[in-house]
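Subject: Handing over the structure

Hi,

Here is the structure I promised to pass on. Have a look at it first, and then read my notes below.

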Amino acid sequence: MAKLKTIDLFAGIGGVRQGFEKSDFETVYANDFDKNCKVTYDLNFDTAKLDNDDVWKVVDKELPEFDILLGGFPCQAFSIAGYRRGFDDAKGRGNLFFAVADIIKKHQPRAFLLENVKNLHSHDGGRTFSKIKSMLEKDLGYFIDYRIFNSMEYGNVPQNRERIYIIGFKNMDDLYKFSWPKKVKLTKKFTDLLEENVDKKYYYEGKPLYERLKDYPFKTNTVYQWRRQYVRENKKGVCPTLTANMGMGGHNVPIIKDKNGIRKLTPRECARLQGFPDTYELPKELADSALYKQIGNSVTIPVIKLVARQMHKVLSEAKLDTQSKTKTSRLPLIA
């Protein structure tokens, strides 16, 4: 049987794609506006290279046939860290959801998976999510469900990262047959994911921030955050949520202390905390700030893989049922 096909919108560096391809899907088209993402994406995937067109132009494109639309549409417009303006976001980022809706309307895929920040569910007193849900169900005719998963509870990665996952099926029976993945015991520690030999550039000694960090009582088995003005210890023993601005000296910079001193996490360590394998290449020509942004904007691959596996089970069984009924209807009548 041919593989189920997906398109990867707001693809970033391919975290969602990795999770689905590990669950036996085939990616036939990918899009993201970020040119730095294209460098990383194209380095790691041989087929369906990243299209850098504006997603609104994708609405009018002739796309390859596909079964599932994947879209981690931009979360800045809905994030607690942003200005909470939602659909009225000044830069138009919130409105990009409507481009996704237009693509779904035009191509009528069998299913979709949308991913966003946890706050999407509660933004503007729940009105933003209510509008999205109504559009998907009433306007587009899909049967949807959603869950909020924490990566450290569903991905066996030591990162405290809560995200909302919205699934939709064109066929009501497919939704009834779908089961959300169950929790996975966390067996990995963040110390298991640290690199052995870390470049001096990641250490704070000799840099301006060092004077504000040197006297803090850091413990070697804990990840901390630099919160613009102070250090905060993560009490859960895992890494706090990785963010896009980790490499820009801003909010939520993860900090640890190892045998050589106080330092930030490296891009490779952050990639591991998102579930990227070490075989996934990080382009040497990109600045660390670009890599941190890409990884912070990405998804936790093992969580995506669990959801993808459940979607594959439903859709592949439905496809076999359809093929079986078609064959049966074509059997010659016995006189």
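Let me start with the inside: the largest cavity has a volume of about 30 Å³. Keep in mind that this is a predicted model. The structure holds one cavity of 30 Å³ or more.

Which residues line the largest cavity? You'll find Phe 190, Leu 193, Leu 194, Val 223, Cys 239, Leu 265, Glu 269 and Leu 273 around it. Sorted by type, that lining has seven nonpolar residues, no polar ones and one charged.

Strand S8 covers residues 224-227, and strand S9 covers residues 231-233. The two pair in the antiparallel sense, over three bridges. If you want a spot to begin tracing the pairing, Tyr 224 stands opposite Glu 233 in S9. Between the strands there are three residues, and in this hairpin Arg 228 takes a positive phi near 70°.

Which way do the side chains of S8 point? Tyr 224 and Trp 226 go one way, while Gln 225 and Arg 227 go the other way. Are these four buried or exposed? All of them are buried, on either side of the strand.

Now for the rings. How many aromatic pairs does the structure hold? The count is 15. One of them is Tyr 41 with Phe 45, a tilted pair with 4.7 Å centre to centre and 45° between the planes. Why do these two count as buried? The cut-off is under 20% relative accessible area. Tyr 41 counts as buried because its relative accessibility is 0%, and Phe 45 because its value is 5%.

Another pair to look up is Phe 276 with Tyr 280, which is also tilted: 4.7 Å centre to centre, with 55° between the planes. Both Phe 276 and Tyr 280 are buried.

Ring pairs also build up a cluster, linking Phe 149, Tyr 154, Tyr 165, Phe 169, Phe 178 and Trp 180.

Cheers

Note on methods. Residues are numbered from 1 along each chain as its sequence is written. This is a predicted model: local features need pLDDT of at least 70, side-chain atom pairs count only at pLDDT 80 or more; totals for chains, interfaces and linings use all residues. Side-chain values use heavy atoms; hydrogens and water are left out. On a 1 Å grid over the protein atoms alone, a cavity is a set of points where a 1.4 Å probe fits but cannot get out, and a pocket is an open set with protein on both sides within 12 Å along at least five of seven lines; lining residues have an atom within 4 Å of a point. Grid points are joined across faces, edges and corners, and a volume is the space filled by probe spheres set on the points. Ala, Val, Leu, Ile, Met, Phe, Trp, Tyr, Cys and Pro count as nonpolar, Asp, Glu, Lys and Arg as charged, and the others, Gly among them, as polar. Buried means under 20% relative accessible area, exposed over 50%, partly exposed in between (1.4 Å probe, protein chains only). Two strands pair if DSSP finds at least two bridges between them. Rings of Phe, Tyr and Trp (its six-membered ring) pair if their centres lie within 6.5 Å; planes under 30 degrees apart count as stacked, over 60 as edge-to-face and the rest as tilted.
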